[in-house]
Amino acid sequence: MGNRVTRDDFEWVYTEQPHTQRRKEILAKYPEIKTLMGPDPHLKWIVSGMVFMQLLACYLVKDLSWKWIFFWAYAFGGCINHSLTLAIHDISHNVAFGNKQAKWNRWFAVFANLPIGIPYSASFKKYHIDHHRYLGGDSLDVDIPTDFEGWFFCTPLRKLLWLFLQPLFYSLRPLYVNPKAITRMEILNALVQFSVDLIIYYLWGLKPVIYLIAGTILCLGFHPISGHFIAEHYMFLKGYETYSYYGPLNWLTFNVGYHMEHHDFPSIPGCRLPMVKKIAAEYYDNLPHHQSWIRVLWDFIFDDTLGPYSRPELLRALTLTHLQHWPLGQHQLAAGAAGAARLPWVVEGLGGVAETRSRSHSQCHGLTPGQAVNARKHRACEEWEEVLVSM
C-alpha cells in the first residue's frame, strides 16, 4: 500500500476511441436522443445566481479574520467556484445559448469566470475541443499528465502532493505539451477578469479577492469534488478509458459525473445526460462506473497500481504533420500521403488494428522522463514505418 506505483508508463492504445462508434449505434437505435441536444434554458439563470452569490460572499467576508477567510474559501466559496468551472465546461459546448449564438456563449463563460478570480474560460474552450477530438492523444490532449508527473509522483505521499497541485499542473501543462498562440478572446477574458478583481479590491479590500482565488485553488486541488478529475479517465480497469459517476455530487457539478454519456454526446447539456442513460440503458448499465469521488481519491493515493501514468495515451490522434517531427524517412511520409484514403486511422485511430498494448518502461529503464519519451516515440516510429512501407 505504501510502495511505489508499479506502473511506470502510460497504457499505449492504437484503437479508435469507443465514443464515436457507440454514439452511432445509440442514435441508430434511439433517434429520439437527438431531441435532447440543444441549449439548457435554465443554465444561464443558475450560473448568474452563483456569480451574484459569490459577489455577496465577497462583501460578507471582508471583515473576517484570515483563518475564517480560508475556511469559508475551502468549505463554501471554492465549492461554488469549482461548480462554475464545470458550468464553463458545459458552456464551452454552446449549451447556454445554442450553437447559433457562439459569441454569447463565450461571453457568458467570461461572466461565469468572474468569481474564479483567474482568467480561465477562453483558454479552457481552446484546449477542451482537442480533449474530445483527440481523447488521450499523445501531445494533443493536455489532460494527459506529462512524463515527469508520472515518473515523480509515484508514492502515496507524492500522489497526495500532486492532487494538491492539480490547479498548477492543469494551468501550466498546456504551455509545455501543446502550446498555442494566445487568442483575442483570451486577452479579453484576462482584461475583464482582472478589472473585476481590481473593483472588488477597491470596494472591499484584499480579503475578498483572496477568498475567491484561494477557494478556486484549494477546491480544484485536494477536495471531494476534485475526485472527478481522477474518476473521468484514469484507468481503474484495463481496457476502459472513460468512467461515469452516479453519486449525489452531480447535483453540484452540472452532472459532469455522467462522463461516459457526455463524451458520447457532447452537445447534450449536463441536465439531460441522465436521460441518455435512461433511454439507452443497455449501453451504460454494464459499464464500470464510480459511486464515490472520495473513494476514487483514496484508491488513487494508496493503490500501488494507480498513479499519473494510469491513463491510456493514444497514437490514434497522430497526423502526417505530427509524424514529420519524428524520425520517419521522406519516402515513408510520401507513401502515407499517397495512401491518405487508406489512412483514416492516422487521424482518428488505427481502426482495423484492434489491439491495446501496455508499454512497459523496462526498455527505458534508467532514462530521464524526456529520454524515455524520445525512446518510446522512436519505437513507435519503427512500427509506423512498418505499416506505411507495407502500403
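## Salt bridges

Let's start with charged pairs: a search of the whole structure turns up nine salt bridges, a salt bridge being a side-chain nitrogen of Lys or Arg within 4 Å of a carboxyl oxygen of Asp or Glu. This is a predicted model, where local features need pLDDT of at least 70 and side-chain atom pairs count only at pLDDT 80 or more, while totals for chains, interfaces and linings use all residues. Residues are numbered from 1 along each chain as its sequence is written, and side-chain values use heavy atoms, leaving out hydrogens and water.

One of the bridges joins Arg-22 to Asp-264, with the closest N and O atoms 2.7 Å apart. Arg-22 sits in helix 1 (residues 18-29) and Asp-264 in helix 12 (residues 259-264), so this pair ties together parts that are 242 residues apart in sequence. Helices here are DSSP runs of H or I with at least four residues, strands are runs of E with at least two, and both are numbered from the N terminus. Are these two partners buried or exposed? Arg-22 is buried at 12% relative accessible area, and Asp-264 is buried too, at 0%. (Buried means under 20% relative accessible area, exposed over 50%, and partly exposed in between, using a 1.4 Å probe and protein chains only.)

Another bridge pairs Lys-180 with Asp-130, and their closest N and O atoms are 2.6 Å apart. It links distant parts of the chain, 50 residues apart: Lys-180 is in the loop between helix 8 (166-177) and helix 9, and Asp-130 is in helix 5 (residues 121-133). Lys-180 is partly exposed at 30%, whereas Asp-130 is buried at 8%.

## A nonpolar surface patch

Which residues form the nonpolar patch on the surface? They are Trp-66, Phe-70, Tyr-74, Tyr-201, Leu-206 and Leu-218, with about 560 Å² of accessible area together. Areas come from the Shrake-Rupley method with a 1.4 Å probe, and for residues only the protein chains shown count as cover. Patch members have over 30% relative accessible area and no salt bridge; like charges are joined within 9 Å, and nonpolar side chains (Val, Leu, Ile, Met, Phe, Trp, Tyr) within 5 Å.

Helix 3 (66-91) and helix 10 (206-219) each supply at least two patch residues, and helix 3 gives the most, with three. Tyr-201 lies in helix 9 (residues 184-204) and is partly exposed at 47%.

## Cysteines

Cys-219 is buried at 1%, while Cys-271 is partly exposed at 42%.
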